[in-house]
Amino acid sequence: MGGEVLHLQAPCKINMMLRVVGRRVDGYHELETWMQKLDLYDEIELELTSQPGITLVCDDPDLPVDETNLAYRAAKIYFESSKRAKGFGAALNLKKRIPSGAGLGGGSSDAGTVLRGLNHHFGDEFSQEELVRKAACLGADVPFFVVPYSAVMATGIGEVMQPVEPLTSCTIVLVNPGFSVSTKWVFENLALTTKIEESILPRFRKHDIETLSYNDMCNDLELVTSMKFSEIEQMKHDLLNTGASRAMMSGSGPTVFGVFPDDKSGQVAVQDAAEMLRQQYKDGVFVTRSCVGAWPSGQGTGF
């Protein structure tokens, strides 16, 4: 089995809704978030080795390649807990396409994709529930990337998920300003009032997952990030001016996304908008669609 190579695609995500509905005694925040995977991918080559141990190389020199990297930690957790993978190790080659510290879940996706890829290769040794538990130890967004759903409504700290209908008939244009934002800093600066903490259940009930729409779009973290970075409002303004019907920050930022419905603007209009935005934001503009299916696009996954 040593020497076999898994070719994995790790998609990014956007938060169509992100509500912070409380704070737990362990310090984690209770969330209610509608997440959608998009077809902007990191690429991971995972070569199984006949000796235990993990190595990681990455084409982004700013990212760590030791145990502080989530993909590395995900592989380590899997090999330490797996009986079928006993005696094996892995050499990971990570090609970054998703901006880091961007609110798009790139690091979380790398970790979740490694967990899911290894589990598939070793005959689904762990159930989906077990895989989600392993993922939750790595971070709030990681569980989303080990389940086969394109879109979910997640609660708790992100580990309780219900699949929802994926976005269709629209193009999502991502605009990233070229700097990163610390999720930890954003949550530390988010004031959770007693009123919010006491209203977890009523607020969750308000959102019927059968009738989710663009009208439900909201992000409780956007105000925190935009108070420090004026670029957030400027990017939203630029997206709306180029034809987006809605624009909002994803996650803790700083990436902002614009929704371009197919019935209002065809691919030509979207490409024109992207070209205009690239004059200002250069390589920070990405034209994407939603991922539909168990493994996004169904190609290049190696299984």
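Analyst: Lys-282 sits in the loop between helix 9 (267-281) and strand 11 (285-288). The model is predicted, so local features need pLDDT of at least 70 and side-chain atom pairs count only at pLDDT 80 or more, while totals for chains, interfaces and linings use all residues. Residues are numbered from 1 along each chain as its sequence is written, and side-chain values use heavy atoms, with hydrogens and water left out.

User: Why does Lys-282 count as exposed?

Analyst: Its relative accessibility is 53%. Buried means under 20% relative accessible area, exposed over 50%, and partly exposed in between (1.4 Å probe, protein chains only). Lys-282 therefore counts as exposed.

User: Where is Asp-124, and why does it count as partly exposed?

Analyst: Asp-124 is in the loop between helix 2 and helix 3. At 48% relative accessibility, it therefore counts as partly exposed.

User: How do you know what is a helix and what is a strand?

Analyst: Both are DSSP runs, numbered from the N terminus: helices are H or I with at least four residues, strands are E with at least two. The chain has nine helices and eleven strands.

User: Why does Asn-119 count as buried?

Analyst: Asn-119 has 3% relative accessibility, so it counts as buried. Its place is in helix 2 (residues 106-121). Contact means heavy atoms within 4.5 Å. Leaving out residues up to four places away in sequence, Asn-119 touches Tyr-78, Asp-124, Glu-125, Phe-126 and Leu-131. A polar atom of the Asn-119 side chain lies 2.9 Å from the backbone oxygen of Phe-126.

User: How do you know how many disulfides the structure holds?

Analyst: A disulfide is a pair of cysteine sulfur atoms within 2.5 Å. The structure holds zero. Cys-291 is in none, as the nearest cysteine sulfur, that of Cys-12, is 7.4 Å away. Cys-291 is buried, because its relative accessible area is 3%.

User: What makes the peptide bond from Gly-253 to Pro-254 cis?

Analyst: Its omega is near 5°. Pro-254 is in the loop between strand 9 (246-249) and strand 10 (256-261). Pro-177 touches Pro-254 and Met-235, not counting residues up to four places away in sequence. Pro-177 itself is in the loop between strand 7 (170-175) and helix 4. At 23% relative accessibility, Pro-177 therefore counts as partly exposed.

User: What is the volume of the largest pocket?

Analyst: About 1300 Å³. Among the 48 residues that line it, the closest to its centre are Leu-70, Ser-108, Asp-141, Thr-183 and Lys-184. Two or more lining residues come from each of strand 1 (5-23), strand 2 (29-49), helix 1 (70-81), helix 2 and helix 4 (183-188).

User: What makes a set of points a pocket?

Analyst: On a 1 Å grid over the protein atoms alone, a pocket is an open set with protein on both sides within 12 Å along at least five of seven lines, whereas a cavity is a set where a 1.4 Å probe fits but cannot get out. Lining residues have an atom within 4 Å of a point. Grid points are joined across faces, edges and corners, and a volume is the space filled by probe spheres set on the points.

Technical notes. Polar contact = N/O pair within 3.5 Å; in protein donor to acceptor, adjacent residues only side chain to side chain.
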